[in-house]
Amino acid sequence: MTRGNHLFGPDEPASLAPDPAFREPVGDEVRTTTCYMCACRCGIKVHLRNGRIRYIQGNREHPVNRGVLCAKGSAGIMNHYSPARLRKPLLRTGPRGSGEFREIEWEEALSIATSWLGEIRRTDPRKLAFFTGRDQSQALTGWWASQFGTPNYAAHGGFCSVNMAAAGLYTIGGSFWEFGEPDWEHARYLVLWGVAEDHDSNPIKTGLAKLKERGAHIVSVNPVRTGYSAIADEWLPIRPGTDGLLALALAHELLRTRRVDLDFLARYTNAGWLVIRDPGGAEDGLFARDEAGRPLVRDRRRGRLVAAEDPEAEPSLTGEVELEDGRRAVPAFVLMVERCLDPAYAPEAVADRTGIAAGRIRRIAAELAAAAFDSNIALEVPWTDWRGVRHERSVGRPVAMHAMRGISARSNGFHTCRAIHLL
Ligand code: SF4
């Protein structure tokens, strides 16, 4: 490959010599679009000549990547011109695994497929397990599968990011992953959990550059020290699949040392909502509610049960209460503390399994707390909380986390993602 207007010429020698024609257009047309070699959707400019792609360039005007283009994005050209690109259906002609195929026409492919599917549908359509890849118009493929009569259909997300999305929504009402990024402008301590460089690539790279320019501290939890782990201030070489234990050990340590923002939890989360404790009862573990169905809290100031949504309520986070019907209930926070302070999650208890020494876990917890509580930030941005109370400014804790495939795409991914969101 040479510079200038000779890019991708088949026989041209590589040259690093300055090329006076470097700024000349490499084609006769530029299409502005987004890359889809990964889910970031970086802005790109595709240069074409005579209708064929010559070159892909990062779009400096695009807010996601500001002109940065990764190697995978550059290779998007191969989506169109790779000799390996499938252009017709392939029919296996040799034994399975032999790699012997021949191209067939769509007519023949559809005829073969309908003969298989027709028999299954006639006998028991549920025997069809239907799996599609990423962005294969899943609304349509799911509809097709349900019309066929099988409940056994899925798409790539179930093996990929759905654990992250579902656990985040379940725990805090939103998820941090590729579409919910760290606050690159304000974070002072970032923990990356199982994040690979090939995903969410350019936004994270440019974000990490901002953090490093500001001297923020970056910790990478990852079994391998490549890419982001290599440029992190600290690499935690965790044993694969044990990230949830580490997250709970950090929560254990923060609770044990009382480095927790109780005021935030009481005001802005459901930590104070009362949970029924009625072992064996039908509602054991459910929120206690008033006659209107509103969750209840115990108001510290008034010393009685009130609706959680009452703007005047000051929810208690401790103690057990007796409900009107005689059943007992505790704030959700109590259950969380009981779980996290279980000796099974003490740093010493998880050190062997995670491969991270107990002292190191304690130090990271102390650093997280120091970054969060000793140097908070205030943004002069008015906002209204879930109870309808207006605030003139937003106080933030400059700790950020980002987690992705290494965490979510595992058999214990959902609960690991929950533990990290809890932390
Ligand atoms: S990070 Fe790379 S592969 Fe992903 S969208 Fe951006 S340029 Fe394309």
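The questions and answers below go from the whole chain to single residues.

Visitor: How many helices and strands does the protein chain have?
Guide: This is a predicted model, and every value that follows is computed from it. The C-alpha trace of the protein chain spans about 80 × 65 × 45 Å along its principal axes. Within that trace, the protein chain has 14 helices and 20 strands.

Visitor: What percentage of the residues in the protein chain is buried?
Guide: A residue counts as buried when its relative accessible area is under 20%. Applied to the 423 residues of the protein chain, this cut-off gives a buried share of 39%.

Visitor: With which residues is W193 in contact, leaving aside its neighbours within four places in sequence?
Guide: Once neighbours within four places in sequence are left aside, the partners of W193 are V221, D243, L246, A247, L250, M401, H402, A403, M404, I407, I420 and L423.

Visitor: What covers the buried residues of helix 10?
Guide: Helix 10 runs over residues 332–340, and its buried residues are A332, F333, V334, V337 and C340. In an α-helix, residues three or four places apart point the same way, because there are 3.6 residues a turn. The cover over the buried residues of helix 10 includes helix 8, helix 9 (262–268), strand 11 (274–277), strand 15 (328–331) and helix 14 (413–422).

Visitor: Which residues surround the ligand?
Guide: The space taken by the ligand is the largest cavity. Helix 1 (71–74) and helix 6 (201–214) each supply at least two residues of the shell around the ligand, and by class this shell has 7 nonpolar, 3 polar and 2 charged residues. By name, the surrounding residues are C35, M37, C38, C40, R41, C42, L69, C70, K72, G73, S201 and N202.

Visitor: Is R41 buried, partly exposed or exposed?
Guide: R41, one of the residues surrounding the ligand, has its place in the loop between strand 1 (29–34) and strand 2 (43–49). Most residues other than glycine have a negative phi, whereas R41 has a positive phi of about 60° although it is not a glycine. Because its relative accessibility is 32%, R41 counts as partly exposed.

Visitor: What about R66: is it buried or exposed?
Guide: R66 lies in the loop between strand 3 (52–58) and helix 1. R66 also has a positive phi, of about 50°, although it is not a glycine. Because its relative accessibility is 55%, R66 counts as exposed.

Visitor: Why does P203 count as buried, and what is its relative accessibility?
Guide: P203 is found in helix 6, and apart from neighbours within four places in sequence it is in contact with C40, C42, V64, E181 and W184. The C-alpha atoms of P203 and W184, 19 residues apart along the chain, are separated by 9.9 Å. P203 counts as buried because its relative accessibility is 8%.

Visitor: What is the relative accessible area of I356?
Guide: I356 has its place in the loop between helix 11 (347–354) and helix 12 (358–373). Not counting residues up to four places away in sequence, I356 touches L236, P237, I238, A351 and I361. I356 is buried, and its relative accessible area is 2%.

Visitor: By what distance are the C-alpha atoms of G241 and S411 separated?
Guide: G241 lies in the loop between strand 10 (234–236) and helix 8, and is buried with a relative accessible area of 16%. Not counting residues up to four places away in sequence, G241 touches R410 and N412. G241 and S411 are 170 residues apart along the chain, and their C-alpha atoms are separated by 8.5 Å.

How values were computed:
Residues are numbered from 1 along each chain as its sequence is written. This is a predicted model: local features need pLDDT of at least 70, side-chain atom pairs count only at pLDDT 80 or more; totals for chains, interfaces and linings use all residues. Side-chain values use heavy atoms; hydrogens and water are left out. Contact means heavy atoms within 4.5 Å. A residue is near a molecule or strand if one of its heavy atoms lies within 4 Å of it. On a 1 Å grid over the protein atoms alone, a cavity is a set of points where a 1.4 Å probe fits but cannot get out, and a pocket is an open set with protein on both sides within 12 Å along at least five of seven lines; lining residues have an atom within 4 Å of a point. A molecule sits in a cavity or pocket if more than half of its atoms lie within 2 Å of its grid points. Helices (H or I, at least four residues) and strands (E, at least two) are DSSP runs, numbered from the N terminus. Ala, Val, Leu, Ile, Met, Phe, Trp, Tyr, Cys and Pro count as nonpolar, Asp, Glu, Lys and Arg as charged, and the others, Gly among them, as polar. Buried means under 20% relative accessible area, exposed over 50%, partly exposed in between (1.4 Å probe, protein chains only).
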